[in-house]
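Please keep the model open while reading.

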Amino acid sequence: MILYAGPLQVLYERGFLRYISYQDAEILRMIYFALRDENWDTCEHIITHEEKDISWETFRVTYDSVHRKNNEDLIRWKASIEGLPDSSIRFTIDGEVLKEIKKNRAGFCVLHPLHGVKGQPVQVTQPDGSTYDGQFPAHVEPRNPFKDVQKLKWRFGDRWFEVSFSGDVFETEDQRNWIDTSFKTFCTPADLPIPVTLQPGTKIHQEVHFRPLEKLQPITSHDATVIQLDKTGEATRLPAIGTLLSAENNSINAAAVDQLKTVKLDHLAIAVSPSNADWIAKFSQQCEAAYAIDLAMKVVLTLPQDFNNTLNQFSGIIQQNRLRVNEVLLLSEKKPVTDQKLIDHIPTLKEALPGIKWGVGTSGDFKDLNRNRFNKGDADFVSYSAHPQVHAFDDRTLIENIDGLRETGDSSSIIYPKAEIHLCPITLQKRSWDKADPRQTSDLAALWTFGAIRAIAEAKVRSATLFETTGQNGLLSNAGQPYPITEMLQKLLRFKNHEMIVLKNNEPLLADAMLFSNDSSTTLLLVNYTDDLQVVRYGRNEFQVPPLQLIEINLSGT
């Protein structure tokens, strides 16, 4: 539901505010509150007794709600949200703890978008009334940039805005470390011990007050959105694209082999853990799968602290069997990133196994790479993994976080300027989750894949391992039935030898685009992320893109 506070436009959705905007510019991405338990799991939020009083320039929404886990009510809340004609918004919550719980976080979070915010000046007011100046980081900041926040004032364009907090002490983190495309101001400070035990009867009162620091000009009409695409003057190419052999199935059936061959992938990644007693037999089975699909292998090799004997054994297997291994990603057990001693051993490996590219990094999020920096030495590439559901799980969040892949790719290149950047793997959800994400088999997952490849191509990432071959995180079902992701990859990888023209998009949360060109043709691919028809303008032409669809336009001769 679209609401208005004076000339500000706000999307009200399931008790929270999203996309607080002025003149089509997004000022804040979201205001919401959450309960995170001792494992950082987000507790279910259930709303009752919702009431709305809405006019052209004002709104007031009230509701009751509970946070629930394992069918038990943990905190009962009363919420009030008010938008006024002066463009101010006030969001108040009063909670009562119903059951003894351990929490890492209970209260408000405010998300700031990246566009128009990165690099902008900030003034922070602390609880004691003192202030200090800073700016929103341009590149992904490993540590939280603003601490002890009671009030945050920042410049957006030629205007200043302010958000103030009461009921707790807040701080700001750079969520791009987890590919979220936002800065998050949250409570309680991260350097305080967690979890905190809350006793029944504990009361929680918090308030967020957002306002512009000067009067905003009124808006007399709200025109339909036209998505505008323009060339940026930049060009790139698609990265090498592969997939990871399923953790559910080390072998792969004939139907799946046939389907995967049609995708024209560049590699098959296989995870090898010599700490398992049967690793050699399993490695042999994994190699057979790669040969069946006729793909070069990228080995993700996780080694113990004392790695010499294992590495010698691994090298011997490759040499004796003349295995077609193009790349090896070296990871260290029980460490966030590759151990420096292992990195320093790479020259010996290159001498023993010439022709193989050696990589280092992490199997975790970009956060681990950013906060645990190392000397890459003779490593050819640096790698990390990514998925868009670290902090939230709804469809809008998936689309919002696509460009976090570009942000982390760009920052990786700054940290390690002489290394190729690889992502291995990119998945829709964390691979260790037991419950499958039903969207893996949906058109939305295919559209998200389109955006993810566009984003990493723009960051000049050289290689990406997407999803798994089969199963709950796969390109195909275990029986070999293709998901929509497979068809999307087939369409995109036809252009792997084309130049990709980087485009500017004024509405990246609604639609996405890639423009490919070679000596004989120019092709525009458009996808619509929404349930509504979208109109996209490029040059003198306008194109209608149906809901949740991809369309292909031949621009040659136009």
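Which residue just after α3 takes a positive phi? Arg322 does, at about 50°.

This is a predicted model, where local features need pLDDT of at least 70, side-chain atom pairs count only at pLDDT 80 or more, and totals for chains, interfaces and linings use all residues. Residues are numbered from 1 along each chain as its sequence is written, and side-chain values use heavy atoms, leaving out hydrogens and water.

**Helix α3.** Helices (H or I, at least four residues) and strands (E, at least two) are DSSP runs, numbered from the N terminus. Helix α3 covers residues 308-321. Buried residues (under 20% relative accessible area, 1.4 Å probe, protein chains only) of α3 include Leu311, Phe314 and Ile318. The buried residues of α3 pack against elements including α2 (279-293) and β23 (325-332), with contact meaning heavy atoms within 4.5 Å.

**Strand β3.** Seven of the seven residues of β3 (residues 16-22) are buried. Strands pair if DSSP finds at least two bridges between them. Both pairings below are antiparallel, β2 with β3 and β3 with β4.

| Pair | Bridges | Opposite residues |
|---|---|---|
| β2 (residues 8-13) and β3 | four bridges | Gln9 and Ser21 |
| β3 and β4 (residues 25-37) | five bridges | Ile20 and Leu28 |

The β2 and β3 hairpin has two residues between the strands, and Arg14 takes a positive phi near 50°. The hairpin of β3 and β4 also has two residues between them, with Gln23 in the turn at a positive phi of about 50°.

How values were computed: The expected span of a helix is 1.5 Å times one less than its number of residues. Buried means under 20% relative accessible area, exposed over 50%, partly exposed in between (1.4 Å probe, protein chains only).
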